Amino acid sequence: MARYDYDLITIGAGSGGVRASRLAGRFGARVAVVEELRVGGTCVLRGCVPKKLLVYGSHFREEVADMAGYGWSVEGVSHDWGAMIAAKDKELDRLHGIYMNLLNGAGNTVLDGRGVVVDPHTVEVEGKRYTSERILIATGGWPSLPDVPGIEHAITSNEALDLPQRPERVAIVGSGFIAVEFAGIFNSFGSETHLIYRADKVLRGFDEDMRIALTGELKKKGLHQHPETLPTRIEKGADCYLVHLSDGEVLEVDAVMYATGRSPNTKGIGLESVGVELADNGAVKVDEWSRSSVLSIWAIGDVTDRIQLTPVALAEGQAFAETEFNNNPIRPDHDDVPSAVFSQPPIGTVGLSEAAAAKKYGALDIYVSGFRPMKYTMTENSERGLMKLVVDRASQRVVGAHMLGVDAPEIIQGVAIAVRMGATKRDFDRTIGIHPTAAEEFVTMREKRPDPENVAAAE
Ligand SMILES: Cc1cc2nc3c(=O)[nH]c(=O)nc-3n(C[C@H](O)[C@H](O)[C@H](O)COP(=O)(O)OP(=O)(O)OC[C@H]3O[C@@H](n4cnc5c(N)ncnc54)[C@H](O)[C@@H]3O)c2cc1C
């Protein structure tokens with residue numbers, strides 16, 4: 001008889017948990033997956049997917065305006081928010097079904113409820129105990145709210161995706177990718193949108209030129225930005241919320257959304273009591289194989305706070321399953337992970353920012369090109385884009401590629417392959433462009449940006 005009920009119990013059926021569990025199942029393991037909400041997790045149900053659907057939905061408004069430049073006359077255009085939310089929910093139900101089928105197809109057992117680890121080989125779900133040789137923590141993260149008076153009136157990205165009505169006026173607090181994306185959604189739908197943040201520009205940690213350019217583009221699109229400002233109090237008015245800002249201004253809005261951070265889901269699930277070490281922010285500490293400080297317990301995805309992106313959670317889940325159940329040891333690779341911000345216009349990026357590359361490599365060659373998308377040349381749309389290559393001067397390797405502008409995430413996905421392969425600037429230069437595209441700029445940039453020291457010396 002088997003020593004344990006299962007070979008693997010996974011807690012959390014999000015991106016990472018589902019990938020690991022279904023692969024383990026395919027490799028012949030007896031797997032149970034515990035989920036307390038709905039199979040699919042953050043990305044599918046409360047993150048990437050619904051967010052991007054709303055980005056698409058909101059952007060049509062601008063496209064309708066752009067059509068006039070091409071001779072179209074469009075009258076009587078209106079938007080039904082409720083219809084869009086219902087269509088979005090239908091799509092999420094479809095995806096949830098696909099995820100359920102994936103788990104069932106791999107022979108996994110789905111246990112509904114909250115999983116709590118009671119010893120290194122036992123998980124309790126709804127009062128029943130199940131034993132397993134290995135336990136995988138894939139519980140993801142949850143929005144965290146700061147301690148501001150009146151914070152109970154604020155919503156997070158979870159609720160913002162399900163609002164029964166579009167707020168006419170909305171305040172969004174934060175300047176990370178989630179804040180910027182939701183600000184773009186509401187602003188593009190026509191809501192008076194305020195973005196309130198502590199830094200001087202949006203998207204801390206991204207390349208400085210991209211931050212400057214996006215901050216400027218958002219301004220052009222009518223987004224009200226409140227940099228170097230924080231809410232000090234949120235008050236409920238008769239039919240609105242009053243957001244008191246640190247600079248004394250008071251904003252009257254219909255919804256206040258916070259996107260100031262997410263915390264790993266490790267509270268109250270028994271990890272500390274069985275000896276799993278957690279970081280100060282609650283993330284599970286893991287080694288390069290995603291193993292925790294307890295030999296039979298692993299953790300992947302957002303709960304480990306390595307890189308909080310779905311494809312990273314998938315890669316970590318895959319590496320775990322291959323290593324533990326397919327005799328094929330793989331360490332997840334966290335280098336040169338490309339990513340996107342679905343702001344309007346969007347950003348795509350891979351490799352290092354100029355500042356990070358300067359720290360790592362010293363002297364750099366920088367190529368920057370600003371452009372007006374061809375599609376907009378016959379319209380009133382004044383949106384501009386920016387492309388940038390960061391090149392290590394000594395080796396001539398392209399160590400960072402960044403783009404702000406239409407289709408940037410789609411374009412950077414391809415560029416990321418070259419960057420990961422160690423392509424040099426010469427490799428880029430000898431690649432023929434596809435004309436007429438914006439992407440061809442990446443292989444035609446020839447003028448180095450003058451070194452800041454030389455510019456200063458010349459002045
Ligand atoms: C608004 C938003 C937009 C995003 N956009 C993008 C994007 O565009 N691209 C991108 O790559 N990433 C994006 N992300 C990040 C992405 O969603 C996460 O990186 C990804 O979902 C992490 O997967 P995971 O498996 O670690 O956790 P999750 O997908 O969060 O899954 C964790 C699961 O565990 C369950 N759970 C938690 N605790 C327990 C318990 N004790 N018992 C049982 N079940 C439990 C939860 O209910 C959840 O279903 C976005 C995130 C947000 C919030």
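1. Cys43 and Cys48 form a disulfide, with their sulfur atoms 2.3 Å apart, where a disulfide is taken as a pair of cysteine sulfur atoms within 2.5 Å. The link of Cys43 and Cys48 is left-handed, with -130° about the S-S bond, and a search of the whole structure finds one disulfide.

2. This is a predicted model, in which local features need pLDDT of at least 70 and side-chain atom pairs count only at pLDDT 80 or more, while totals for chains, interfaces and linings use all residues. Residues are numbered from 1 along each chain as its sequence is written, and side-chain values use heavy atoms, with hydrogens and water left out.

3. Is Cys43 buried or exposed? Cys43 counts as buried because its relative accessible area is 11%, whereas Cys48, at 32%, is partly exposed; buried means under 20% relative accessible area, exposed over 50%, and partly exposed in between (1.4 Å probe, protein chains only). Cys240 is also buried, at 7% relative accessibility.

4. The largest nonpolar core has 36 residues, and those touching the most other members are Ile172, Val180, Phe182, Phe186, Leu195, Val202 and Leu214; such a core is a set of buried Ala, Val, Leu, Ile, Met, Phe, Trp, Tyr and Cys residues joined through side-chain atoms within 4.5 Å. At least two residues of this core come from each of H3, H4, strand E8 (169-173), helix H6 (177-189), helix H7 (208-220) and strand E14 (255-258), and H6 gives the most, with seven residues. Helices (H or I, at least four residues) and strands (E, at least two) are DSSP runs, numbered from the N terminus. In soluble globular proteins, nonpolar side chains tend to be buried together.

5. Leaving aside neighbours within four places in sequence, Phe186 is in contact (heavy atoms within 4.5 Å) with Trp81, Ala160, Leu163, Arg166, Pro167, Val170, Ile172, Ser191 and Thr193.

6. On the surface, Tyr70, Trp72, Val74, Val77 and Met378 form a nonpolar patch, with about 530 Å² of accessible area together. Tyr70 lies in the loop between helix H3 (48-67) and helix H4 (81-105), and Tyr70 counts as partly exposed because its relative accessibility is 42%.

7. Gly105 has its place in helix H4, and Gly105 is exposed, with a relative accessible area of 68%. Gly105 and Arg26 are 79 residues apart in sequence, and their C-alpha atoms are 8.7 Å apart in space.

How values were computed
Patches are made of residues with over 30% relative accessible area and no salt bridge: like charges are joined within 9 Å, nonpolar side chains (Val, Leu, Ile, Met, Phe, Trp, Tyr) within 5 Å. Accessible areas come from the Shrake-Rupley method with a 1.4 Å probe; for residues, only the protein chains shown count as cover. A salt bridge is a side-chain nitrogen of Lys or Arg within 4 Å of a carboxyl oxygen of Asp or Glu.
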